[in-house]
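Let's take a walk through this protein together. Have a look at the sequence and the fold, and then we will follow a few of the contacts.

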Amino acid sequence: MIGIRNIGKYWARLPTQAEVQVLRTATRCVSTSQKLLHISPSSVQLSRKYEQHIKQARHFRTSTSFYAEIKTVEVPPFAESITEGDIRWMKEVGDSVAEDEAIAEIETDKTSMPVNSPCAGVIKEIMVEDGSTVNPGTAICKIEAGAAAAPPAAPPPSAPKLSIPVAAIKHSSFIQQAEVKVPPADYSQEITGTRTEQRVKMSRMRQRIAARLKEAQNTNAMLTTFNELDMSNIMELRKSIGEQFHKKHGIKLGFMSAFVKASAYALTQQPTVNAVIEGSEIIYRDYVDISVAVATPKGLVVPVLRNVEGMNYLDIERGIAALGEKARTGSLAVEDMDGGTFTISNGGVFGSLFGTPIINPPQSAILGMHGIFNRPVARNGQVVIRPMMFIALTYDHRLIDGREAVTFLRKIKDAVEDPRTILCGL
């Protein structure tokens with residue numbers, strides 16, 4: 001039997017269920033054998049008092065709030081070339097989160113990466129403010145694992161409507177002195193004519209894009225040459241085999257695969273366009289990695305298709321679809337955009353008729369695609385209506401001569417208008 005005088009040491013360490021049962025038995029024995037054992041009533045009261053405390057301790061020990069685990073969420077590691085980023089919160093204190101659910105997003109110079117919850121629970125504390133700059137390993141919030149969010153409070157009663165004339169509101173001085181709220185970084189709103197202004201912090205990605213484009217303008221001796229394509233054959237190809245292609249492979253045959261394949265073929269024929277200047281040397285690459293410019297709400301990203309020289313139309317379409325899905329879901333990694341020997345930008349999806357693309361540094365050239373429009377053209381001495389597209393090649397004139405640039409663009413034109421050119425090695 002456990003002595004009453006020794007109960008304190010068990011209380012200090014929250015006794016187990018077996019020890020609690022022993023104490024209860026001891027109390028009953030002391031109560032029934034009080035006269036026999038000559039134990040004072042105060043000792044019995046002391047035993048019962050400790051038994052009551054033990055019950056409370058067992059209750060708190062098993063309660064959710066006492067036993068819950070608090071997990072601290074840290075910023076995950078970045079890619080090797082990235083040291084910091086800006087955090088954008090997707091959740092607030094008190095919000096319930098599921099395991100692996102995105103609770104925040106870290107926007108770096110090149111891409112955005114999600115921060116996922118390590119467990120299901122409730123956000124108890126946010127340790128860094130929205131928009132703050134964070135580094136890998138920075139503690140950003142605490143989550144109570146297994147907890148449930150409190151039910152939402154009843155909405156307050158709506159304020160009575162005031163019958164103020166619209167003209168009075170328009171000319172009220174309160175409109176001019178009203179607090180201007182800073183909208184989120186991806187702010188996009190129609191102009192309403194209220195004479196207000198919004199100040200938005202430029203995102204890291206937008207800052208990086210601006211710096212790189214200005215770098216390209218300051219470094220390269222950029223020149224642009226143009227040509228036009230008759231899209232009749234490639235459109236007929238899509239019409240004749242597009243349904244079979246989709247039925248067999250589960251993916252649609254688009255125009256981009258024709259341009260990517262034609263560009264890869266032209267680059268193997270004109271390796272200087274695939275090269276780059278580095279210091280006082282020229283680096284020639286024996287592989288073709290094509291960056292495909294993709295517009296996202298946060299800015300232009302250029303994921304890379306690797307080793308395109310060995311791909312066919314199907315491989316290219318699958319690669320483009322995979323990168324496009326990553327871009328739409330914001331799951332592009334830095335590794336998806338590193339490198340690239342040549343870039344294709346398709347402004348035609350937005351209805352562009354004509355334009356001069358800017359080089360994506362440190363590359364030496366970029367192909368600009370534009371919209372397809374029916375135009376009158378001369379064919380065999382006759383004026384006919386054909387679906388035509390203007391294409392543009394901007395190149396670094398320090399490395400690429402005009403003859404090479406024009407020949408290269410002409411090779412793309414021939415390969416897109418008649419894919420048999422590639423098959424025959426012409």
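Does Lys91 count as buried or exposed? With a relative accessibility of 18%, Lys91 counts as buried, a word used here for under 20% relative accessible area, while exposed means over 50% and partly exposed lies in between (1.4 Å probe, protein chains only). Before going further, please keep in mind that this is a predicted model, in which local features need pLDDT of at least 70, side-chain atom pairs count only at pLDDT 80 or more, and totals for chains, interfaces and linings use all residues. Residues are numbered from 1 along each chain as its sequence is written, and side-chain values use heavy atoms, leaving out hydrogens and water.

Lys91 has a partner: it forms a salt bridge with Glu101, with the closest N and O atoms 2.8 Å apart. Lys91 sits in the loop between β2 (85-89) and β3 (96-97), and Glu101 in the loop between β3 and β4 (102-107), so the pair ties together parts that are 10 residues apart in sequence. Glu101, at 26% relative accessibility, is partly exposed. A salt bridge here is a side-chain nitrogen of Lys or Arg within 4 Å of a carboxyl oxygen of Asp or Glu, and by this rule the count comes to 13. The strands (E, at least two residues) and helices (H or I, at least four) are DSSP runs, numbered from the N terminus.

Now turn to Asp230, which is buried at 8% relative accessibility. Its side chain meets that of Arg379 in a salt bridge (3.1 Å, N to O). Arg379 lies in strand β17 and Asp230 in strand β9 (residues 222-230), so this pair ties together parts that are 149 residues apart in sequence. Asp230 also forms a salt bridge with Arg386 (2.9 Å, N to O). Arg386 belongs to strand β18 (residues 382-396), so its pairing with Asp230 in β9 ties together parts that are 156 residues apart in sequence. Through shared partners, salt bridges join Asp230, Arg379 and Arg386 into one network.

Finally, let's visit two helices. How are packed helices described? Two of them are described by the angle between their axes and the distance between the axes. The axes of α10 (residues 256-269) and α13 (residues 402-417) come within 9 Å and cross at roughly 135°; the axes are lines fitted to C-alpha atoms, for helices over the stretch in contact, with angles from 0 to 180 degrees between N-to-C directions. The two helices are therefore oblique to each other, since angles under 35 degrees count as roughly parallel, over 145 as roughly antiparallel, 65 to 115 as roughly perpendicular and the rest as oblique.
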